[in-house]
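Please keep the sequence and the 3D view open as you read.

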Amino acid sequence: MIQGQQIPEEVGRYALLSIALLYLAGLVALPLLVVFVEAFAKGVGSYLTALLDPYALAAMRLTLLTAAIVVPLNVVFGVCAAWAIAKFEFRGKNALITLIDVPFAVSPVISGLIYVLMFGAQGLLGPYLMEHDIHIIFAVPGIVLATTFVTFPFVARELIPLMQTQGNDEEVTALSLGASGWQTFWLVTLPNIRWGLLYGVLLCNARAMGEFGAVSVVSGHVRGLTNTLPLHIEILHSEYNYVGAFASASILAMLALVTLLAKTLLERRHPELRAGAARQA
């Protein structure tokens, strides 16, 4: 009787696994394969020509510049917010946690529109900025602001459950032995969270480079000046330059694959990171 029950269970398990694999193949693996097939459809020469186009290079530089500014800002904010939330009790703690989650609840397009309403020519601060020749919207500062908004939860949300699990015992011990606050942070807290911090940085960087909605609203789509790589891909596709669009998309696809690989390796080496991600969800 027991052996008879095991057969249906195995059949059900393999059936569920097959459905999951087919679903992933159709929604993830096949589109990725199409990206690379279309990128090399006219040969390696056309692929390289598309990537070396001045507008493509400008889009790559702006994407890298934005990530280089946004990720360190989010690291500082994420560490400070997680340290305060996990290690201390204070009034407004729940409000701070809620505010950190706001970018997950608000559409990126709406967040970009908010910056336009604040800093645009007809916005709240627009006349003052125009009077002093300060350009935020349709310029690099606006792109950085919009990207920062949509990505700032990633580092904090990765570190909060990790630091809560670790508790305060080691920090209290260090302080009781005469260590200062900065010494405690650098020698005790930071080494304990370094892998979780790297995990959050990977996710933050991937989102910063791939952000489209918020950046599309504030950029102005000026080719060679305010187009990030996702916006450059959209323009090429609308112009029916499919090789160029898919060539640029392959760069983002490779970034996604590298990020996924690094994420998987970190989770395998440090299972507590997977548990922290599950608690976030």
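Where is the place of Ile-134? Ile-134 sits in the loop between helix 7 and helix 8.

## About the model

This is a predicted model, in which local features need pLDDT of at least 70 and side-chain atom pairs count only at pLDDT 80 or more, while totals for chains, interfaces and linings use all residues. Residues are numbered from 1 along each chain as its sequence is written, and side-chain values use heavy atoms, with hydrogens and water left out.

## The chain as a whole

The protein chain has 15 helices and zero strands. Both are DSSP runs numbered from the N terminus: helices are H or I with at least four residues, and strands are E with at least two. Along the principal axes, the C-alpha atoms fill a box of roughly 70 × 60 × 30 Å.

Of the 281 residues, 38% count as buried. Here buried means under 20% relative accessible area, exposed means over 50%, and partly exposed lies in between (1.4 Å probe, protein chains only).

## The largest pocket

Back to Ile-134, which is one of the residues lining the largest pocket. Ile-134 counts as partly exposed because its relative accessibility is 39%. Phe-119, also in the pocket lining, is 15 residues away from Ile-134 in sequence and 9.7 Å away in space, C-alpha to C-alpha.

Helix 7 (residues 126-131) gives the most to its lining, with three residues. By class, the lining has eight nonpolar, three polar and no charged residues. Ala, Val, Leu, Ile, Met, Phe, Trp, Tyr, Cys and Pro count as nonpolar, Asp, Glu, Lys and Arg as charged, and the others, Gly among them, as polar.

On a 1 Å grid over the protein atoms alone, a pocket is an open set of points with protein on both sides within 12 Å along at least five of seven lines, whereas a cavity is a set where a 1.4 Å probe fits but cannot get out; lining residues have an atom within 4 Å of a point. Points are joined across faces, edges and corners, and a volume is the space filled by probe spheres set on them.

## The cavity and Glu-211

A search of the whole structure finds one cavity of 30 Å³ or more. The largest cavity holds about 40 Å³ of space, and its lining includes Thr-63, Ile-143, Met-209 and Glu-211. Helix 3 (54-87), helix 8 (140-151) and helix 11 (181-210) are the elements that each give two or more residues to this lining. Five of the lining residues are nonpolar, four polar and one charged.

Glu-211 also meets Arg-207 in a salt bridge (2.9 Å, N to O). Glu-211 counts as buried because its relative accessibility is 4%, while Arg-207 is partly exposed at 26%.

## Other salt bridges

How many salt bridges does a search of the whole structure find? There are five, a salt bridge being a side-chain nitrogen of Lys or Arg within 4 Å of a carboxyl oxygen of Asp or Glu.

One of them joins Glu-239 and Arg-223, with the closest N and O atoms 2.8 Å apart. This pair links distant parts of the chain, 16 residues apart: Glu-239 is in the loop between helix 13 (229-238) and helix 14 (242-269), and Arg-223 is in the loop between helix 12 (213-219) and helix 13. Another joins Glu-89 and Lys-93 (3.1 Å, N to O). Glu-89 is exposed at 70% relative accessibility, whereas Lys-93 is buried at 13%.
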